[in-house]
Amino acid sequence: MDEKAWFASWFDTDYYHLLYKNRDLSEAKSFVGNLCSELKLPQGSKVLDLACGKGRHSRTLHSLGYQVTGADLSQNSIDAAQACWEDGLEFIVHDMRDVIPNRTFDAVFNIFTSFGYFDHAEENEKVIQSVHSMLRENGLFIIDFMNADKVIRTLESHMEISKEGIDFQITKEYNGTHILKQIRFEDEGNSFHYTERVQALKEEDFRTLLINNGFEILRTFGDFDLHPFDVMESDRLILIAKKR
Ligand SMILES: C[S@@+](CC[C@H](N)C(=O)[O-])C[C@H]1O[C@@H](n2cnc3c(N)ncnc32)[C@H](O)[C@@H]1O
């Protein structure tokens, strides 16, 4: 793996967690609660929270009675998540492109636009194929991604966000394939510049990726309250897929 890939550096910083501080446990509880009512996974099911960050969805899934593995590339996030270790809730440093050896899950969750980070289309396929091989037959794969159509249409090119004394200057652009978010700020006299570079994958792209790699799509939703997906209006694109 390229150690300098943007997703390996930016998400591993405290600044990422500060900027997205409002994406918290209470948001996770509400969304995961809605999802689990819909999915009706039996108690004790083995679930993987793939790209779990500090584990807000993992902890919620565990509190609902599932055996949870949270996996993320960021060592710092996994260290923070491990502070919440409990029986039936584990966290590991792991690259989503790879299979976790000798593990099988009833469901895999990939939440909050934790996909589309890689340079090559084959790497997206690799993620889907790895998930497929870790799922039991008929296991579920839940992807929560931005609604790229709406993001592109409503793109705010510049904004300033202040959090705990840090003024983040953010510019966003769509370059025809990716949403590029440049994040600049100063802290203690030092200047920082990070880039988020996420592929603007649309519903049809996910359909193709999933169907070509052994999944059937059961449902799509458009927000954390699980209203139907509407390409013009929805903030999120949430897909529930089943391993064929
Ligand atoms: C937008 S954050 C979402 C985190 C978490 N799902 C949440 O909602 O709080 C994306 C996460 O993907 C992780 N990530 C990035 N590239 C990864 C990779 N190749 N394998 C595993 N995790 C990765 C980052 O470290 C980060 O925690």
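Predicted model: local features only at pLDDT ≥ 70, side-chain atom pairs only at ≥ 80, totals over all residues.
## Structural report: ligand site, strands and loops

Phe112 lies in the loop that runs between β4 and α6 (121-134); helices (H or I, at least four residues) and strands (E, at least two) are DSSP runs numbered from the N terminus. Residues are numbered from 1 along each chain as its sequence is written, and side-chain values use heavy atoms, with hydrogens and water left out.

**Loop residues with positive phi**

Phe112 is not a glycine, yet its phi is positive, at about 70°. Its relative accessibility of 16% makes Phe112 buried, because buried means under 20% relative accessible area, exposed over 50%, and partly exposed in between (1.4 Å probe, protein chains only). Asn102, located in the loop between β3 and β4, also has a positive phi without being glycine, with a value near 60°. Asn102 counts as exposed because its relative accessibility is 80%.

**Ligand site**

A total of 19 residues surround the ligand, and Ala51, Arg56, Asp72, Met96 and Ile111 are the closest of them. A residue is counted here if one of its heavy atoms lies within 4 Å of the molecule. By class, the shell consists of 11 nonpolar, five polar and three charged residues. In this scheme Ala, Val, Leu, Ile, Met, Phe, Trp, Tyr, Cys and Pro are nonpolar, Asp, Glu, Lys and Arg are charged, and the others, Gly among them, are polar.

| Residue | Protein atom | Ligand atom | Distance |
|---|---|---|---|
| Arg56 | polar side-chain atom | oxygen | 2.8 Å |
| Asp72 | N or O atom in the side chain | oxygen | 2.6 Å |
| Met96 | polar backbone atom | nitrogen | 2.8 Å |

On its own the ligand has 590 Å² of accessible area, of which the protein covers 96%. Such areas come from the Shrake-Rupley method with a 1.4 Å probe; for residues, only the protein chains shown count as cover.

**Helix α4**

Arg56 also belongs to the buried residues of α4, together with His57, Ser58, Thr60, Leu61 and His62. The helix spans residues 56-63 and is mostly covered, six of its eight residues being buried. These buried residues pack against α3 (25-39), β1 (46-50), β2 (67-72), β3 (89-93) and β4 (105-110). Gly65, which follows α4, has a positive phi near 105°.

**Strand β3 at Ile92**

Ile92 is part of strand β3. Its relative accessible area is 24%, and therefore Ile92 is classed as partly exposed. Residues up to four places away in sequence aside, Ile92 touches Thr69, Gly70, Ala71, Asp72, Ile78 and Ile100, where contact means heavy atoms within 4.5 Å. Ile78 lies 14 residues from Ile92 along the chain, and the C-alpha atoms of the two are 6.5 Å apart.

**Strand pairings**

Strands are taken to pair if DSSP finds at least two bridges between them. Strand β11 (residues 236-243) is mostly covered, with seven of its eight residues buried. Strand β5 (residues 135-146) is antiparallel to β11 and joined to it by seven bridges; in this pairing Leu140 has Lys242 of β11 as its bridge partner. Strand β10 (residues 215-221) also pairs with β11 in the antiparallel sense, over six bridges, and here Arg219 stands opposite Ile240.

Strands β8 (residues 178-187) and β9 (residues 190-199) run antiparallel and are joined by 10 bridges. Lys181 has Glu196 in β9 as its bridge partner. Two residues lie between the strands of this hairpin, in which Glu188 takes a positive phi near 50°.

**Asn213**

The loop between α8 (203-212) and β10 contains Asn213. Asn213 counts as buried because its relative accessibility is 10%. With neighbours within four places in sequence set aside, Asn213 is in contact with Glu125, Ile128, Gln129 and His132. The side chains of Asn213 and Glu125 are joined by a polar contact of 2.8 Å.

Key:
Polar contact = N/O pair within 3.5 Å; in protein donor to acceptor, adjacent residues only side chain to side chain.
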